[in-house]
Amino acid sequence: DTICYCDLFCNRTVSDCCPDFWGHCLGIERPFIVPETCERNGNKFFTGQTYRENCNLCTCGAEGRWDCEQNACLIEPDVIYAVNRGNYGWRAANYSQFYGMTLDEGIRYRLGTQRPSSVMIFLCQMNMDPERDQLPLYFNSAEKWPGKIHEPLDQGNCAASWAFSTAAVASDRISIQSMGHMTPQLSPQNLISCDTRNQGGCAGGRLDGAWWYLRRRGVVTEDCYPYRPPQQTPAELSRCMMQSRSVGRGKRQATQRCPNTNNYQNDIYQSTPPYRLSTSEKEIMKEIQDNGPVQAIMEVHEDFFMYNSGIYKHTDVSFTKPPHYRKHGTHSVKITGWGEERNFDGTTRKYWIAANSWGKNWGENGYFRIARGENECEIEAFVIGVWGRITMEDMQ
């Protein structure tokens, strides 16, 4: 009594409601339809099944063909191969923490510094004496001030280099200025969660705002207020968990206990107003040699994420690719020193030593070297120094 319908164009049932439709109605044996398959690494996939190739999702389509997304990935094997095969002066590598991310995601989540207006931080004029101010060929802050230069942290997938670089430079400057009486590693999370005035937390922020907060409100140490990457942070921990009050003479005191309940040292550390250096290579070098590491803004291009060692310069290995494979964003880092290397032909290559905030398994143990004296990636265009707010009472 059941009516079964047949697609006359392809000779297949539209609604195969009768088990004996082919034999009883049509008088033929039911055909066996072989589903189309795609192959990948020796494995078969049926039509509609998917697999992920780096940052792109691929779907098995008609006639056994793969239909893949065309995203530019943060880790591009052909870029790594081209850099390592060429004579660029640096080596590239694959990083598991970046694999599977798109280039857009890398720029959105791994950088996070907004370029401030040049008038927001006053320019410090330095008078150098060419005869008296002799600068060495190599200098590393960690060697001049052992125990006072802090190791790089990892910002994870949080666009807060604005907070990490600010905390890093302030930590070193306070340690140097106090002659080691105070060696705090200041908390980026304190800035991310509490410096919310025109700041975006893990969605990016401004250096002038970060320094304003460090000067007016102050922050505690990383051990007191530890960093929690976004994917590991409960909603209640994203709110500010550290406040301070004035105790006179510009100093402040914490009004809450440390978010880390195992730590009771909730001392507040502050800075003076930051000052901007000129774009002179020599003046930046002298400032580092005299006073310690400085903060710098730089443009991060697609190949920088794959930096492993050597003296970095942005390459043109992606110039033949579509525009979405060539992108850049603004980042901030800590410059700790400089040096130079001699090439086989007798020429020299000058470089800065800088600390990144992508963890110690990236680059040269968390650091990188970048070409010096030619404003590579605009790293010499906006450089900041600062002093800690330290009294004789603090020194005791």
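Biologist: In which hand of crossing does α5 pass α7?

Modeller: This is a predicted model, in which local features need pLDDT of at least 70, side-chain atom pairs count only at pLDDT 80 or more, and totals for chains, interfaces and linings use all residues. Residues are numbered from 1 along each chain as its sequence is written, and side-chain values use heavy atoms, with hydrogens and water left out. A crossing is right-handed if the near helix is turned clockwise from the far one by less than a right angle, and left-handed if anticlockwise; where α5 passes α7, the crossing is right-handed.

Biologist: How are α5 and α7 oriented to each other?

Modeller: Helix α5 spans residues 161-177 and helix α7 residues 207-216, helices being DSSP runs of H or I with at least four residues, numbered from the N terminus. Their axes (lines fitted to C-alpha atoms over the stretch in contact) are 9 Å apart, and the packing angle is about 45°. Angles under 35 degrees count as roughly parallel, over 145 as roughly antiparallel, 65 to 115 as roughly perpendicular and the rest as oblique, so α5 and α7 are oblique.

Biologist: Which strand do the buried residues of α2 pack against?

Modeller: In helix α2, residues 77-85, the buried residues are V79, I80 and V83, where buried means under 20% relative accessible area, exposed over 50% and partly exposed in between, with a 1.4 Å probe and protein chains only. Because these residues cover an arc of only 100° around the axis (taken from the directions to the C-beta atoms), they lie on the same side of α2. The face turned away from that buried side carries the exposed residues Y81 and R85, whereas the buried residues of α2 pack against β8 (90-92).

Biologist: How does K144 count by its relative accessibility?

Modeller: K144 lies in helix α4, residues 141-144, and, not counting residues up to four places away in sequence, K144 touches F139, Q289 and D290. Its C-alpha atom is separated by 9.9 Å from that of I176, which is 32 residues apart along the chain. With a relative accessibility of 41%, K144 counts as partly exposed.

Biologist: What percentage of the residues of the protein count as buried?

Modeller: The secondary structure comes to nine helices and 20 strands, strands being DSSP runs of E with at least two residues. Of the 396 residues of the protein, the share that counts as buried is 49%.

Notes. Contact = heavy atoms within 4.5 Å. Axes fitted to C-alpha atoms, helices over the stretch in contact; angles between N-to-C directions.
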